[in-house]
Amino acid sequence: MKAKNQSHKHIWILQALFFIAAVSVLTYFFPREGKFRYNFQEGKPWKYGLLTASFDFPIYKSDERIAYEKDSLLRNFEPFFSAEKEIAKSNISALEKTLKSYQEMPVPYYLYEKIIQSVKKIYDDGIVSSEVYDQIQNNKIKSVRIIDKNIAKEYPVQSFRSARKAYETVLEEFPDVYTRHILQSCNLNDYLAENMKYDSITTNKFKEDLLQRVSLSSGVVQAGERIVDRGEIITPQTYLILKSLETVTLKKNTNNNLQEKTVIGQVIVFTCLLLFFYLFLALFRPGIFNDLRKLGFLMMLIVGISLAAFFLAKFRLLGLYLVPFAIIPIVTVTFLDSRVALYVHIITVLICSFCAPFALEFIFLQIIAGMTAIDSLSDMVKRSQLVRTAILVYISYCITYTGYTMLTEGDLNKLNLDMFLYLGINCICILFAYLIIFFFEKIFGFVSTVTLVELSDVNNPLLRQLSEECPGTVQHTLQVSNLAAEAANKIGARSQLARTGALYHDIGKLKNPAFFTENQSGVNPHSTLPFEQSAQIIISHVKDGAKMADKQMLPLPIRDFILMHHGRGKAKYFYNSYCNKYPDKPVDEEKFMYPGPNPNTKETGIVMMADSVEAASRSLKEYTEESISKLVNSIIDGQVSEGLLKQTPLSFRDVEIIKQTFIEKLKTIYHTRISYPELNSDNKEEKENGHKSFLDIGSILKK
């Protein structure tokens, strides 16, 4: 009892950790940007009631208008340059020395003066960098301001030259070969440097001061002023007012440090939603709630899809509609049931609706799509069903979106065609559900109906080997699978799981097929063995089967059928035989007992009952309704009294339905056939004579 309490405590702790982790992750990754309570678009009707200003706020200009006004101001803006007089002075002085010391020939004085005056004029006009000169040539700079003794003077840029252009200008003034030779020999270009330098600091300062003159607003809305009413078309001016209200509201929220309160609100909302999900599981699906593997799978599904939605909602206005929410019910209904699938889907949609641009529209579309997915895929046995489901989900999306738009706006022209594209991409993503199902099968050890159908194929190597080496066992397993599947259908269990589990439950008999009655042909090897040894050989087929299942990497649920189909029951034939032969000897019951464990699901419990009933039915001397009913009731009541079915969720009503199902099926299997009556001798002779007469008539006609 103490160990059981500790186990329950351990489960509760992990359930709480799952809950806390889910709330924490959702809160942490939820989009942090503030959100305006209204959603609106220019040119569309206002969906809410009368809106009036609750406080004074400016009407901000649009970004395009502000950019236009700034460009207009900067169009005639004059950048600032500084004149570096020392550069001109030092370079001219260096050129003078070079000309005076020219070695090849003396430079005439008049030519010397003319060259120096030409270079001085170039410097007076201004030499700028090649980048600035290119901008001047492209008319990007029309005039500049030169700072001289803290006074900015306007200066025309037509006279500005680059160093290269200045060199060419000087050479053009001296077309004769003699002077050009002198200038080139003196490396004139070394004495022409940039003396008009762009002053970025002063320019940026004055530019910022100029841009500050651009007003960001074009008016004021006073408190109590009417903005818009329900059904009114949002005009460009109204749109600017609403955008201004949104901007001011979000700024106020940030300035008032409301981010902490928003986070608290998120925690409360997510806690409420997940708490009601936990309550649903605890009250109506306790088996799932107490199974940490299944609970972890559901929480991972909710959080994973929500994070994908949060991520896409940050980057695109309608990005949320790209998330294939219909995958949630598809994957859930594949492993669990439709009611859980719908509940998980609704919880996830409600979580994601808080970051949706149009929350009511989003919730409506996604819930309808989820219901369509569940109704069209209640039991997936073929991959092709996913294609049909994706098509049906897309059709439901299109119809519901069109209907919602007509209901709220009354005009088909208001349909957003991009929505149909987004929803189409969404439904294409649904086709990848099969990969997700395969992923969860491997991670959580689940088994889907598609996998069960594939495992049920008689061409499966293990089943084919069983049919070749143990033909009697194959006939037994086929009958057990039919009984189990029919009973599972009657009580609402997974019939395909029961059928597949029954096909594999006796694969351990492959190791010693001749020791099992159904595979014997006259020779019984147990006749020379002690009862204890025979019992151990029979019992060992459970462990041998489990080893084969591990080697073949069969899913865990199928392995459970192999281990549990006898539970902790006894090999009764050898146990009873031992007790009858040695009534005075103490019996070591463990030598005659199967390793178990006992069945813990409806399906494994059904297969245990079907296995025992089918095997025992072969020993009946006559197959009447009374004998079959007595056999079925005796075997199943014995299993119940021994406590072999205690851990299964089967009710007394389920057990009674299973009994009746087995009785009806066995009556059909072992029905008595009608004996065909023999003809009396007189009738026989008369018939033969008649036949001969007919042949004679035929021969006469031929002649």
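Two strands are taken as paired if DSSP finds at least two bridges between them. Helices (H or I, at least four residues) and strands (E, at least two) are DSSP runs, numbered from the N terminus. The model is a predicted one, in which local features need pLDDT of at least 70 and side-chain atom pairs count only at pLDDT 80 or more, whereas totals for chains, interfaces and linings use all residues. Residues are numbered from 1 along each chain as its sequence is written, and side-chain values use heavy atoms, with hydrogens and water left out.

An open sheet is formed by four strands in the order 6-5-3-8, with mixed pairing. Its edges are strand 6 (151-156) and strand 8 (196-198); each has a single partner strand, so one side of each is left without a neighbour in the sheet. On average, and with direction ignored, neighbouring strands of this sheet are turned by 40 degrees against each other; axes are lines fitted to C-alpha atoms, for helices over the stretch in contact, and angles run from 0 to 180 degrees between N-to-C directions.

The pairings can be followed across the sheet from strand 6. Strand 6 and strand 5 run antiparallel and are joined by six bridges. D148 has I151 in strand 6 as its bridge partner. Strand 5 (residues 143-148) also runs parallel to strand 3, with three bridges between them, and R145 in strand 5 stands opposite F80. Strand 3 (residues 80-83) in turn pairs with strand 8 in the antiparallel sense, over three bridges. There, A83 stands opposite M196 of strand 8. In a regular strand the side chains alternate between the two faces of the sheet.

The loop between helix 7 (177-185) and strand 8 contains N187. Phi of N187 is near 55 degrees, a positive value in a residue other than glycine. Residues are classed as buried under 20% relative accessible area, exposed over 50% and partly exposed in between (1.4 Å probe, protein chains only). N187 counts as partly exposed, at 39% relative accessibility, while C186 is buried, with a relative accessible area of 6%. The structure holds zero disulfides, a disulfide being a pair of cysteine sulfur atoms within 2.5 Å.

T372 is located in helix 15 (residues 359-376) and is buried, with a relative accessible area of 19%. A polar atom of the T372 side chain lies 2.9 Å from the backbone oxygen of I368. Contact is defined as heavy atoms within 4.5 Å. When neighbours within four places in sequence are left aside, T372 is in contact with L392, V393 and S396.

H541 lies in helix 23 (residues 531-551) and counts as buried at 2% relative accessibility. A polar contact is a pair of N or O atoms within 3.5 Å; within protein, one must be able to donate a hydrogen and the other to accept it, and residues adjacent in sequence count only if both atoms are side-chain atoms. The side chains of H541 and D506 make such a contact, at 3.2 Å. Apart from its neighbours within four places in sequence, H541 is in contact with D506, G508, K509, F516, H565, H566 and Y594.

M553 is placed in the loop between helix 23 and helix 24 (556-564). Although M553 is not a glycine, its phi is positive, at about 55 degrees. M553 counts as exposed, with 71% relative accessibility. Another backbone feature is the cis peptide bond from G596 to P597, with omega near 5 degrees. P597 is in the loop between helix 25 (572-581) and helix 26.

The 17 residues of helix 27 (residues 625-641) should span 24 Å at 1.5 Å a residue, which agrees with the 24 Å between its end C-alpha atoms; the expected span of a helix is 1.5 Å times one less than its number of residues. Buried residues of helix 27 are S627, I628, S629, L631, V632, I635, I636, G638 and Q639. The cover over these buried residues includes helix 26 (602-617) and helix 28 (652-669). Just after helix 27, G643 takes a positive phi of about 80 degrees.
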